[in-house]
Amino acid sequence: MEKGLDILEFLSERARSYSLAQLAEEMGRTKGEIFRMLAVLEARGYVEREPETDYYQVTDKLLRIGLRRPKYRALTEISRAVMERFAAETRYPCHLAIASDEQIVVISRAESPDLVGVTVRVGYRQKLLETGSGRCILAYMNEAQRGHVLSILERQPGGINHAALEAERAQIRSNGFILEASRIMEGVWDISCPILSTGNEEFVAAITTPYVRLVINQLNKEEVAARLREAAEEISARLSVV
């Protein structure tokens with residue numbers, strides 16, 4: 001089991017796929033040690049091989065298993081109709097993200113009815129501090145959750161600026177949302193609002209719209225932010241009575 005978890009964690013943290021020999025070398029194990037485990041993981045759908053190269057990459061099966069937990073199932077089911085209505089009315093896509101240690105992972109999305117726009121696929125992962133979703137979630141985490149994430153970030157190269165993060169936290173909570181230029185894509189604005197559950201299980205998620213000014217859509221980013229905040233508040237209210 002430990003070897004299998006090592007393989008899954010290794011592949012999930014890399015942006016590329018690996019051959020059996022490369023995996024063995026990078027993980028400090030022999031090919032014989034991991035060959036059978038890879039075969040089992042592949043047979044059970046946790047890893048797959050690229051058709052062109054035969055290199056291994058992790059699938060989204062663990063994500064799908066995790067999303068079966070009651071709180072995340074309720075989140076995706078309750079938010080779906082609200083997100084689809086937001087996308088239809090504003091003609092902007094949106095996506096739903098949760099925290100996974102020091103990263104965010106997108107668990108649901110609603111498409112714009114227009115043919116042009118920026119969308120993020122389900123299963124997408126990114127460093128928490130590089131996204132509006134992630135920093136919005138961090139600002140609304142309880143102290144135990146926030147402390148866990150910060151302890152991970154402290155161990156990474158460059159560390160973190162606690163004073164800056166605290167100031168940002170206060171600003172986000174004062175505004176109730178994030179509206180800023182994307183740190184990943186030029187010309188895109190991140191609009192992110194928190195989704196908070198105070199029902200049977202307390203947790204925080206974020207709903208986000210990647211905003212690009214389109215000639216065919218007259219809504220400005222402030223108007224989209226106001227609509228997105230209404231959607232987030234509606235989802236939060238519904239979750240809190242579950």
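pLDDT is the predictor's confidence in each residue, on a scale from 0 to 100. That matters here, since this is a predicted model: local features need pLDDT of at least 70, side-chain atom pairs count only at pLDDT 80 or more, and totals for chains, interfaces and linings use all residues. Residues are numbered from 1 along each chain as its sequence is written, and side-chain values use heavy atoms, with hydrogens and water left out. For this chain the mean pLDDT is 87, and 94% of its residues reach 70 or more.

Let's start with the overall build. You'll find 9 helices and 8 strands in the chain; these are DSSP runs, numbered from the N terminus, with helices being H or I of at least four residues and strands being E of at least two. Along its principal axes, the C-alpha trace spans about 60 × 40 × 40 Å. A compact globule of 242 residues would have a radius of gyration near 18 Å, and the chain's 20 Å agrees with that. (The radius is taken over C-alpha atoms, and the globule rule is 2.2 Å times the number of residues to the power 0.38.)

How much of the chain is tucked away? Of the 242 residues, 43% count as buried, meaning under 20% relative accessible area, while exposed means over 50% and partly exposed is in between (1.4 Å probe, protein chains only). As for contacts (heavy atoms within 4.5 Å), residues 24 or more positions apart account for 56% of those with a separation of 6 or more.

Now pick out helix α6, residues 132-140, which is mostly covered: 9 of its 9 residues are buried. Among them are Arg135, Cys136 and Tyr140. Helix α6 also has the highest mean pLDDT among the elements of the chain, at 95, whereas helix α4 (residues 61-66) has the lowest, at 68.

Moving on, helix α8 covers residues 162-175 and holds Ala164. Ala164 counts as partly exposed because its relative accessibility is 42%. Gln145 sits 19 residues from Ala164 along the chain, and their C-alpha atoms are separated by 18 Å.

Is Ser236 buried or exposed? Its relative accessible area is 13%, so Ser236 is buried. And what does Ser236 touch? Leaving aside neighbours within four places in sequence, Ser236 is in contact with Pro194, Ile195 and Leu196.
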